[in-house]
Amino acid sequence: MGLAEVLRRFGAAYLAGHRLSFSQASAWRAIVACRTAALGGHVECCDRCGASRHVYHSCRNRHCPLCQTRAKEAWIAARGRELLPVPYFHLVFTLPHALNGLVASHPRTLYELLFEASAATLSGFAADRRHLGGAAAFTLVLHTWKQDMGRHIHVHALVAGGALTPAGAWVAPRRGFLFPVKALSRVFRGKFIAALERERTAGRLREETSLTGYAWRPLLAKLYRHEWVVYAKQPLGGPAQVLEYLGRYTHRVAISNERIVGIEQDAVAFRVRDNGAGGKRRTLRLPGAAFVGRFLLHVLPRGFKRIRHYGLLGPAHKRARLAAAREALRAPAPKPAVIESVDAFMRRVARREWSCCPQCRRGRLMPVAAIAPQRPWQPSHGPP
């Protein structure tokens with residue numbers, strides 16, 4: 001049981017009443033074909049006992065629950081070189097559900113505005129001398145779901161505890177926490193609404209009725225009526241804990257195969273965490289077509305980057321800025337022998353060096369023959 005089987009079984013019912021975007025069709029095709037004969041593969045043979053097995057190729061789509069482990073490990077290997085020897089803080093910036101309608105019609109624009117407002121808020125607080133007075137180092141990761149796969153738009157921020165001043169000194173937080181949460185939420189709300197107003201007046205939201213003169217004012221009042229949520233967790237530990245924590249969030253998909261506990265005649269049963277009951281697990285059942293529809297809510301627009309780096313970790317001059325931060329902290333550069341490079345990791349993946357024979361437990365499984373795809377594979381064109 002898994003997401004691919006759900007799409008195979010209930011796909012026709014869903015497609016009878018819905019059209020797919022380019023990204024949704026690509027993700028659907030990839031997930032259904034992942035690790036099947038449709039993508040081809042190779043035959044592996046043990047170099048000791050001669051046992052063989054067929055291994056089919058992965059789709060490597062970022063929405064596929066089967067393909068995230070290797071991508072996550074390679075990404076974390078690269079991030080290990082960028083960690084600083086300071087505590088790290090985890091914050092979450094959440095959009096109110098009143099904006100879910102706009103997200104449905106303009107996902108790329110609203111996601112970009114969320115990144116923009118979150119990054120500007122954190123950078124502004126870090127640059128303020130009342131807090132740190134320098135450049136921060138942080139990563140933002142977009143999530144669009146909650147446990148029942150309903151729409152819940154938020155970004156996770158992993159922020160280094162401190163900032164690099166223009167004079168080259170490292171300033172640590174003074175009060176044991178990074179920034180005041182209530183002030184963060186109000187500044188975040190103001191920056192996001194200002195950016196949304198800019199897009200609205202520029203006409204880049206294509207005649208969205210909820211943004212016209214008569215509808216905009218009630219929506220604006222509704223957005224200002226409630227405090228926006230910025231959640232801050234306790235500071236994390238050392239580099240090992242930070243890397244392990246990163247892996248929980250960076251390459252998640254809307255639902256993992258492990259959470260799908262049953263595929264019934266007309267419904268899908270899956271586990272959810274009930275935050276209102278102390279985080280207890282319970283089983284939720286949805287009609288098959290509704291389950292498919294909820295999953296497709298979270299397929300990102302084509303080419304959209306859901307993991308972004310800012311401040312000292314920004315692409316421009318990252319190496320020089322991190323070197324300056326380590327010098328200010330009197331910390332040595334990361335050892336290449338300890339943290340494996342992404343290229344080396346991917347070469348090991350290609351050679352499958354870790355594959356131990358499940359029969360004799362002593363030999364290594366080596367590729368000996370290719371398996372051609374059973375049908376031409378077109379992951380990006382037409383409906384599934």
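## Strand pairing, helix packing and nonpolar cores

V43 stands opposite H54 in β2. This pairing belongs to a predicted model, in which strand β1 (residues 41-46) is joined to β2 by 5 bridges, the two running antiparallel.

- In β2, H42 has V55 as its bridge partner, and V43 has H54 opposite it.
- β1 and β2 form a hairpin with 5 residues between them, and in the turn G50 has a positive phi of about 85 degrees.
- Strands of a sheet pair through backbone hydrogen bonds, in either a parallel or an antiparallel arrangement.

- Another open sheet is formed by 3 strands in the order β9-β10-β11, with antiparallel pairing; its edge strands, each of which pairs on one side only, are β9 and β11 (280-287).
- The twist of this sheet averages 25 degrees from one strand to the next.
- β9 and β10 pair antiparallel over 3 bridges, and the bridge partner of I263 in β10 is V268.
- Helix α1 lies across β9 and β10, where it runs at about 25 degrees to β9, whereas α9 lies across β9, β10 and β11 and runs at about 110 degrees to β11.

**Helix α1**

- Helix α1 (residues 3-15) bends by about 50 degrees at R9.
- The buried residues of α1 are L3, A4, V6, L7, F10, G11 and Y14.
- In an α-helix there are 3.6 residues a turn, so residues three or four places apart point the same way.
- The partners against which the buried residues of α1 pack are α2, β9 (260-263), β10 (267-274) and α9 (288-296).

- Q24 is found in helix α2 (residues 22-33), and Q24 counts as buried because its relative accessibility is 16%, which is under the 20% cut-off.
- A polar atom of the Q24 side chain lies 3.0 Å from the backbone nitrogen of S21.
- When its neighbours within four places in sequence are left aside, Q24 is in contact with R19, L296 and V299.
- A25, also placed in helix α2, is buried, with a relative accessible area of 7%.
- A25 and V299 are 274 residues apart in sequence, yet their C-alpha atoms are 9.6 Å apart in space.

**The nonpolar cores**

- The largest nonpolar core has 45 residues, and those with the most contacts inside it are L91, L122, L142, F192 and L196.
- The elements that give two or more residues to this core are β3 (88-94), α4 (100-105), α5 (107-127), β4 (137-145), β5 (151-160), α6 (181-201) and α7 (213-225); of these, α5 gives the most, with 10 residues.
- Apart from this core lies another, of 33 residues, and among them are Y14, A27, W145 and I255.
- Not counting residues up to four places away in sequence, L91 touches V155, H156, A157, V159, L178, L184, V230, Y231 and A232.

**F89 in strand β3**

- F89 has its place in strand β3 and counts as buried because its relative accessibility is 7%, again under the 20% cut-off.
- Beyond its neighbours within four places in sequence, F89 is in contact with A157, L158, V159, G161, P173, G176, F177, L178 and P235.
- F89 and A157 are separated by 68 residues in sequence, while the C-alpha to C-alpha distance between them is 7.9 Å.
- A157, V159 and L178 are among the residues in contact with F89, and they are also among those that L91 touches.

Conventions
Residues numbered from 1 in each chain as written. Predicted model: local features only at pLDDT ≥ 70, side-chain atom pairs only at ≥ 80, totals over all residues. Heavy atoms only, no water. Helix = DSSP H or I, 4+ residues; strand = E, 2+ residues; numbered from the N terminus. Buried < 20%, exposed > 50% of the residue type's maximum accessible area, 1.4 Å probe, protein only. Polar contact = N/O pair within 3.5 Å; in protein donor to acceptor, adjacent residues only side chain to side chain. Contact = heavy atoms within 4.5 Å. Core = buried A, V, L, I, M, F, W, Y, C linked by side-chain atoms within 4.5 Å. Pairing = 2+ DSSP bridges. Bend = angle between axes of the 7 residues up to and from the residue. Axes fitted to C-alpha atoms, helices over the stretch in contact; angles between N-to-C directions.
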